[in-house]
Amino acid sequence: MTLKTDTDSHFMQVALELAQQAQAIGEVPVGAVVVQNGVIVGRGHNRPISSDDPTAHAEIMAMRDASSILVNYRLQDCTLYVTLEPCVMCIGAIFHARIQRLVYAAADPKTGACGSVIDLPAETRLNHHLQVAAGILAPEASALLKQFFAQRRKTAVRSNHEN
């Protein structure tokens with residue numbers, strides 16, 4: 001784990017705003033930004049439901065955006081900020097993109113691949129290594145996720161009672 005900075009909080013706040021955009025369209029509220037030299041070069045939020053694409057996680061969307069803007073699939077010297085600990089698929093894409101640093105807000109005890117379930121960035125046998133910082137604005141990210149899932153459960157219960 002690396003040190004957290006005020007800059008980390010600023011960029012994580014932008015990712016949280018993207019997570020709110022995801023929530024507004026019925027997606028799990030996760031947002032991400034890719035930053036290079038202090039400038040946001042990629043933005044994304046969860047879109048698997050609305051795009052019928054299981055790979056359309058916030059991290060993937062932000063890296064696709066950054067790759068398009070930078071005209072390079074390698075995102076060297078970039079930091080990825082995401083509101084939820086990446087899953088195995090996303091950490092694999094992060095490795096392939098050669099992201100230098102990963103900063104995430106909330107841990108994911110069910111699918112987190114940065115220490116919660118498995119810790120792929122700590123795996124020394126892999127060919128890419130990156131710095132990881134966790135917990136930046138975690139209470140805010142966690143609250144957004146809890147609110148979203150509580151609302152979904154409430155809607156599901158109401159739907160079951162109507163049938």
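A residue is called exposed here when its relative accessible area is over 50%, buried when that value is under 20%, and partly exposed in between. With that cut-off in mind, select Val-71 in this predicted model: its relative accessibility is 72%, so Val-71 counts as exposed. The residue is found in the loop between α3 and β3, the latter covering residues 78–84, and its backbone deserves a look, as Val-71 has a positive phi of about 55° although it is not a glycine. For a second case of this kind, move to Arg-98, which is likewise not a glycine and has a positive phi of about 65°; Arg-98 sits in the loop that runs between α4 (88–97) and β4.

Now zoom out and show the whole chain as a cartoon. Five helices and five strands can be traced, and following them along the sequence gives the pattern α-β-β-α-α-β-α-β-β-α. The radius of gyration is 16 Å, close to the 15 Å that the globule rule gives for 163 residues, so the chain is as compact as a globular protein of that length. Of the 163 residues, 45% count as buried, and among contacts with a separation of 6 or more, 59% are accounted for by residues 24 or more positions apart.

Next, turn to the charged side chains. How many salt bridges does a search of the whole structure find? There are three. Begin by selecting Arg-101 and Asp-8, whose side chains meet in a salt bridge with an N to O distance of 2.8 Å. Because Arg-101 lies in strand β4 (residues 101–106) and Asp-8 in helix α1 (residues 6–24), this pair ties together parts that are 93 residues apart in sequence. Both Arg-101 and Asp-8 are buried.

Then select Arg-64 together with Asp-53, where the salt bridge has an N to O distance of 3.7 Å. Arg-64 belongs to helix α3 (residues 58–70), while Asp-53 is in the loop between α2 (48–51) and α3, so the parts that this pair ties together are 11 residues apart in sequence. With a relative accessibility of 40%, Arg-64 counts as partly exposed.

The remaining stop in this group is Glu-123 with Arg-125, a salt bridge in which the closest N and O atoms are 2.6 Å apart. Glu-123 is partly exposed at 23% relative accessibility, whereas Arg-125 is exposed, its relative accessible area being 71%.

The chain exposes about 8,600 Å², of which carbon and sulfur atoms supply 53%. Select Val-88, Val-117 and Ile-118 to bring up a nonpolar surface patch of about 250 Å²; of these residues, Val-117 lies in the loop between β4 and β5 (131–134).

Terms used: Residues numbered from 1 in each chain as written. Predicted model: local features only at pLDDT ≥ 70, side-chain atom pairs only at ≥ 80, totals over all residues. Heavy atoms only, no water. Salt bridge = Lys/Arg side-chain N within 4 Å of Asp/Glu carboxyl O. Helix = DSSP H or I, 4+ residues; strand = E, 2+ residues; numbered from the N terminus. Buried < 20%, exposed > 50% of the residue type's maximum accessible area, 1.4 Å probe, protein only. Patch = residues over 30% accessible without salt bridge, like charges linked within 9 Å, V, L, I, M, F, W, Y side chains within 5 Å. Areas by Shrake-Rupley, 256 points an atom, 1.4 Å probe, with all protein chains shown as cover. Rg over C-alpha atoms; globule rule 2.2 N^0.38 Å. Contact = heavy atoms within 4.5 Å.
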